[in-house]
Amino acid sequence: MSDLRFLSLEKLTLSYGKNIAVPEMDLDIAKGELVALLGPSGCGKTTTMRAIAGLMAPSSGSIILDNVDITRSPANKRPVGLVFQSYALFPHLNVYENVAFGLKLMGVRGSLLDETVKEGLKTVGLSTFATRKPAELSGGQQQRVSLARSMVMEPKVLLLDEPLSNLDARLRLEMRNELQRVQKESGVTMIFVTHDQVEALAMADRIIVMLDGHIEQIGTPEDIYNRPISDFVADFVGFENVFSLNDGKLKTANGMVALSGDIPADAKGLAWRPAMVTLGDGPFEGTIRGTSFAGGTREYLLETSLGQIKAECDASLPAHAFGATLKFDLPVARAASLSRVGSL
Ligand SMILES: Nc1ncnc2c1ncn2[C@@H]1O[C@H](COP(=O)(O)OP(=O)(O)OP(=O)(O)O)[C@@H](O)[C@H]1O
């Protein structure tokens with residue numbers, strides 16, 4: 001075993017009756033990694049987590065954790081923790097008792113129990129909240145209790161299913177940092193599910209992008225953000241102008257269009273973020289059909305012979321009027337080169 005294959009899914013197939021939700025997934029997760037499972041609704045994120053947690057039996061394949069085959073181990077015998085989006089705290093128990101609950105079930109008693117619970121509360125910054133009931137806590141604090149409750153069990157892997165989705169925007173940012181801090185300080189291997197690319201990019205060491213039950217791309221946030229390999233990933237992470245290539249030409253709504261610049265030989269498509277489109281100059285022309293101001297930038301929706309193009313420029317530049325015509329370019333040198341297209 002190497003620490004790079006601390007958790008391995010080997011040809012894991014997960015089905016609901018006759019419907020295969022995840023076919024033959026292979027995945028290796030390293031010890032101490034913070035990994036995001038990212039993808040749209042229905043792509044199989046929760047199903048994968050449930051299988052790792054032991055809440056559903058795979059139809060075939062194996063799950064290996066720290067050199068032990070846990071494929072058929074019952075959920076309560078797996079060294080795997082689970083934090084849900086609904087915090088699932090016991091309302092009648094206070095914070096201390098909620099965190100102590102699982103430890104007590106394991107037979108931990110006395111000063112060891114007390115020290116472990118206090119340490120868990122300290123880890124998530126809730127030492128002074130021990131005697132409060134869940135109803136007397138904010139959503140973020142309840143999520144921290146839920147995290148502490150899992151962490152004190154010292155799981156080898158901690159799974160978090162949409163951990164931040166019930167929190168408002170400000171708390172979500174706070175909890176992002178908090179989760180990252182707890183993960184880095186404890187070194188526990190964590191996998192969290194999200195459909196929010198910003199959250200995945202901000203928190204994860206590595207992102208697994210899923211689509212229709214399979215892994216579309218695995219990479220660091222930088223890889224995924226800057227070097228999406230497919231039209232689906234490009235679109236998902238904000239490349240709003242995505243095109244297939246045919247014979248080195250862009251396939252557009254109005255036929256094939258040649259671009260100047262060297263297109264990589266193996267590229268099957270090209271994609272540009274709005275900010276990568278050159279505005280005010282270039283061989284193409286578009287009519288402004290929408291503008292939106294986003295603080296530092298202003299985005300234009302252009303109707304063009306290539307179809308709709310989204311372009312962005314510095315908001316400090318004078319605004320162009322709705323209906324005005326603008327020249328633009330799609331510079332090949334700035335585009336992300338896609339090695340797979342067809343999923344959009
Ligand atoms: N209990 C179930 N019975 C039958 N099919 C299911 C069941 N749960 C999920 N599925 C199907 O399995 C596939 C994967 O679902 P899953 O819940 O894993 O997706 P997800 O990526 O977690 O989505 P979401 O972000 O909406 O939670 C979907 O096609 C879904 O319809």
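Visitor: Where do E9 and E10 sit, and how do they pair?
Guide: Strand E9 covers residues 206-211 and strand E10 covers residues 214-219. They pair in the antiparallel sense over five bridges. Strands here are DSSP runs of E with at least two residues, helices are runs of H or I with at least four, and both are numbered from the N terminus. Two strands pair if DSSP finds at least two bridges between them.

Visitor: Which residue stands opposite Ile 208?
Guide: Ile 218 in E10. Two residues lie between the strands of this hairpin, and Asp 212 takes a positive phi near 45° there.

Visitor: What kind of model is this?
Guide: A predicted one; local features need pLDDT of at least 70, side-chain atom pairs count only at pLDDT 80 or more, and totals for chains, interfaces and linings use all residues. Residues are numbered from 1 along each chain as its sequence is written.

Visitor: OK, zoom out. How many helices and strands does the protein chain have?
Guide: Eight helices and 19 strands. The C-alpha atoms fill a box of roughly 75 × 45 × 35 Å, taken along the principal axes.

Visitor: What share of the chain is buried?
Guide: Buried residues make up 36% of the 344 residues. A residue is buried if 20 or more other C-beta atoms lie within 10 Å of its own, exposed if 12 or fewer, and partly exposed in between, with C-beta atoms placed from the backbone.

Visitor: How is the chain divided?
Guide: Into domain 1 (3-231) and domain 2 (242-338). The bounds come from an automatic or database domain assignment. The C-alpha centres of the two domains lie 39 Å apart.

Visitor: How many residues are in contact between the domains?
Guide: Five residues of domain 1 are in contact with five residues of domain 2. Contact means that the C-beta atoms, placed from the backbone, lie within 7 Å.

Visitor: Now the open sheet. What is the strand order?
Guide: E17-E16-E15-E18, four strands with antiparallel pairing. Strand E17 (307-314) and strand E18 (325-329) stand at the edges with a single partner strand each, so one side of each has no neighbour in the sheet.

Visitor: How many bridges join E16 and E17?
Guide: Eight, between strand E16 (residues 297-304) and E17. Leu 301 has Lys 310 in E17 as its bridge partner. A hairpin of two residues joins E16 to E17.

Visitor: And how many join E15 to E18?
Guide: Six bridges, with E15 covering residues 278-294. Thr 287 is partnered by Thr 325 in E18.

Visitor: Switching to helix H2. Which residues are buried there?
Guide: H2 spans residues 95-105, and Val 95, Tyr 96, Asn 98, Val 99, Ala 100 and Leu 103 are buried. Their cover includes helix H3 (110-123) and helix H4 (139-151). After H2 comes Gly 107, with a positive phi near 95°.

Visitor: Last one. Which residues are around the ligand?
Guide: Among them are Tyr 16, Asn 19, Lys 45, Thr 46 and His 195. A residue counts as near a molecule or strand if its C-beta atom, placed from the backbone, lies within 6 Å of it.

Visitor: Which element gives the largest share of that shell?
Guide: H1, with three residues. By type, the shell divides into three nonpolar, eight polar and one charged. Ala, Val, Leu, Ile, Met, Phe, Trp, Tyr, Cys and Pro count as nonpolar, Asp, Glu, Lys and Arg as charged, and the others, Gly among them, as polar.

Conventions
Contact = placed C-beta atoms within 7 Å.
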